[in-house]
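Please read the following report alongside the sequence and the coordinates.

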Amino acid sequence: MDYAQRLENVAVLGAAGKMGSGIVLLVAVEMADLGLKPENKGKKYVLHAVDVSHAALSGLMKYMREQARKTAEKRIVALRAVYADRPDLVENRDIIEQYVCDVLDVIRPVTVLEAACEANVIFEAVSEDVELKARLLTRVAADNPRRPWVFTNTSSVPIEEIDAKARLGGRIMGFHFYNPPAVQKLVELIRGRTTLPEVAEFAQALTKSLRKTVVPSSDTAGFIGNGHFMRDLLHAIAEAERLSREMPFVEAVYAVNRVSQDFLVRPMGIFQLADYVGLDVCQCILRVMDPRLPGQNLRSPLIDRLLGLGVRGGQNHDGSQKDGFLRYERGKPAGVYDPEGKRYVPISEFQATADAKLGPLPEPALAWKAAVRHPAREKVLADFFGKLETLRTPGAELARRYGARSREIGLGLVRDGVAAKAEDVNTVLLTGFFHAYGPINDYFSEKVAR
Ligand SMILES: NC(=O)c1ccc[n+]([C@@H]2O[C@H](COP(=O)([O-])OP(=O)(O)OC[C@H]3O[C@@H](n4cnc5c(N)ncnc54)[C@H](O)[C@@H]3O)[C@@H](O)[C@H]2O)c1
């Protein structure tokens with residue numbers, strides 16, 4: 001079975017979720033494009049979009065219609081050539097309508113899991129629960145005579161473990177899209193020790209066709225992306241807890257969040273990022289990583305406590321940010337949660353005091369947006385961090401410790417073989433997390449004082 005034949009029948013499990021819906025979009029467009037090639041005329045391409053609720057699936061179809069239209073609008077010149085044999089399609093809007101129909105025609109929304117049994121390729125994007133993933137995959141793929149190939153979007157669970165639990169005999173690979181899959185360029189590909197070579201070859205071909213930036217990760221819980229992010233977050237929590245011995249907890253969280261954004265020139269502060277991802281998701285990933293990587297203490301009693309108090313973060317349906325470590329007003333942090341008082345304390349109440357304690361930024365300050373757009377990005381970053389090195393303020397000290405810890409985490413991922421090389425760690429942080437520079441750099445070299 002070649003690439004195009006394999007994609008004739010596909011299933012996406014968890015199709016209506018955040019990741020599943022993006023995967024459906026990418027794969028349905030790829031399938032529709034294959035179906036429009038002259039050599040594939042007459043072949044039927046079918047994608048079973050499997051999820052648990054009809055309502056969620058009808059939302060998915062609405063999303064697909066909008067996104068397929070946007071795709072068609074962007075590719076109108078190429079689509080004119082694709083539909084050159086259709087004299088009935090005259091105006092651009094005729095071509096766009098036809099393409100939307102061709103993409104939607106591929107997708108079959110279903111709540112019956114067994115529909116996936118017909119697929120040659122299964123993308124799995126259900127919740128991050130190894131037992132759930134294994135149970136569903138066993139039902140649709142284990143003893144299936146079609147011997148489908150499974151691509152799991154797990155953020156943290158070792159592929160070999162899912163393989164063994166779902167009895168797939170190596171017909172599985174980690175295909176870790178970043179959120180949102182249709183926009184984010186990065187895909188981490190994770191080959192388990194048992195993954196069959198033909199499965200890995202197909203994954204490479206698909207990422208190439210989707211024009212993704214691929215970084216291979218070893219099959220270690222958390223892989224590269226969460227391997228860095230979770231340890232980075234745990235460092236931030238430890239720093240906030242240390243600082244809270246000499247200042248109120250809310251000020252300490254604010255200070256670490258501000259340092260990780262403004263002093264480290266990152267797109268957002270670390271606690272804002274944790275809220276964006278969702279504290280429940282962070283907890284879930286840590287619970288996968290901690291027992292599988294013994295001796296590293298990858299746990300956060302603070303996150304457990306906040307979740308116990310109903311503080312979750314994550315996104316509302318309209319994409320707006322839910323409150324987590326921080327409270328948001330028009331998408332901007334406006335308060336910090338105090339677990340003792342069980343309330344959000346407005347940042348305006350302590351911001352001036354906390355900023356004064358941190359001290360000034362190096363001059364001139366360098367915002368993340370300005371850094372990433374700067375034609376001499378490396379030079380302006382080197383200048384900025386060179387000045388940070390000379391400042392003897394609590395803010396600069398926190399930033400140096402933070403940058404050094406981030407570097408140490410990156411080097412650890414290479415040392416432990418999770419990443420094949422430093423450049424892979426940097427690519428994941430640059431592409432998947434939009435950092436302006438990779439964690440393995442010459443800006444921060446001192447050891448982290450513990
Ligand atoms: N959200 C992210 O930023 C992100 C990034 C990379 C990878 N991931 C991973 O992708 C996967 C999905 O995450 P998500 O954020 O899209 O979660 P989500 O909660 O948005 O979506 C999960 C979907 O699975 C569906 N589902 C649950 N049980 C099911 C069942 N029995 N049968 C069919 N569908 C079922 C749910 O209804 C839901 O639509 C997880 O493994 C997660 O770790 C998430």
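How far apart do the C-alpha centres of domain 1 and domain 2 lie? They lie 34 Å apart, in a protein divided into domain 1 (3-217) and domain 2 (225-299 + 348-432), with bounds that come from an automatic or database domain assignment. The model is predicted, and local features need pLDDT of at least 70, while side-chain atom pairs count only at pLDDT 80 or more and totals for chains, interfaces and linings use all residues. Residues are numbered from 1 along each chain as its sequence is written.

**Domain contact**

The contact takes 14 residues from domain 1 and 16 residues from domain 2, where two residues are in contact if their C-beta atoms, placed from the backbone, lie within 7 Å. On the side of domain 1 that touches domain 2, strand S7 (186-190) and strand S8 (213-217) each supply at least two residues, and S8 gives the most, with 4 residues. Helices (H or I, at least four residues) and strands (E, at least two) are DSSP runs, numbered from the N terminus. By class, this side of domain 1 has 6 nonpolar, 5 polar and 3 charged residues; Ala, Val, Leu, Ile, Met, Phe, Trp, Tyr, Cys and Pro count as nonpolar, Asp, Glu, Lys and Arg as charged, and the others, Gly among them, as polar.

**Ligand shell**

The ligand is surrounded by 24 residues, of which the closest are Gly14, Gly17, Met19, Ser155 and Asn179; a residue is near a molecule if its C-beta atom, placed from the backbone, lies within 6 Å of it. Helix H2 (18-35) and strand S6 (172-177) are the elements that give two or more residues to this shell, and H2 gives the most, with 3 residues. The shell has 12 nonpolar, 9 polar and 3 charged residues.

**Helix pairs**

H2 also packs against helix H3 (residues 54-74), their axes coming within 10 Å and crossing at roughly 45°. Axes are lines fitted to C-alpha atoms, for helices over the stretch in contact, and angles run from 0 to 180 degrees between N-to-C directions. H2 and H3 are therefore oblique to each other, given that angles under 35 degrees count as roughly parallel, over 145 as roughly antiparallel, 65 to 115 as roughly perpendicular and the rest as oblique. Ser21, Val24, Leu25, Ala28 and Val29 of H2 meet Leu60, Tyr63, Met64, Gln67 and Thr71 of H3, a set that divides into 7 nonpolar, 3 polar and no charged residues.

Helix H12 (residues 279-292) and helix H13 (residues 301-308) pack at an angle of about 135°, with their axes 10 Å apart, which makes H12 oblique to H13. Their contact is made by Leu279, Asp280, Cys282 and Gln283 of H12 and by Ile303, Asp304, Leu306 and Leu307 of H13, and these residues divide into 5 nonpolar, 1 polar and 2 charged.

**Backbone features**

| Cis peptide bond | Omega |
|---|---|
| Asparagine 179 and proline 180 | about -5° |
| Glutamate 363 and proline 364 | about -10° |

Proline 180 is found in the loop between S6 and S7, and asparagine 179, its partner in the cis bond, is among the residues closest to the ligand. Proline 364 lies in the loop between helix H14 (351-358) and helix H15 (368-373). Phenylalanine 223, although not a glycine, has a positive phi of about 55°, and lies in the loop between S8 and helix H9 (225-243).
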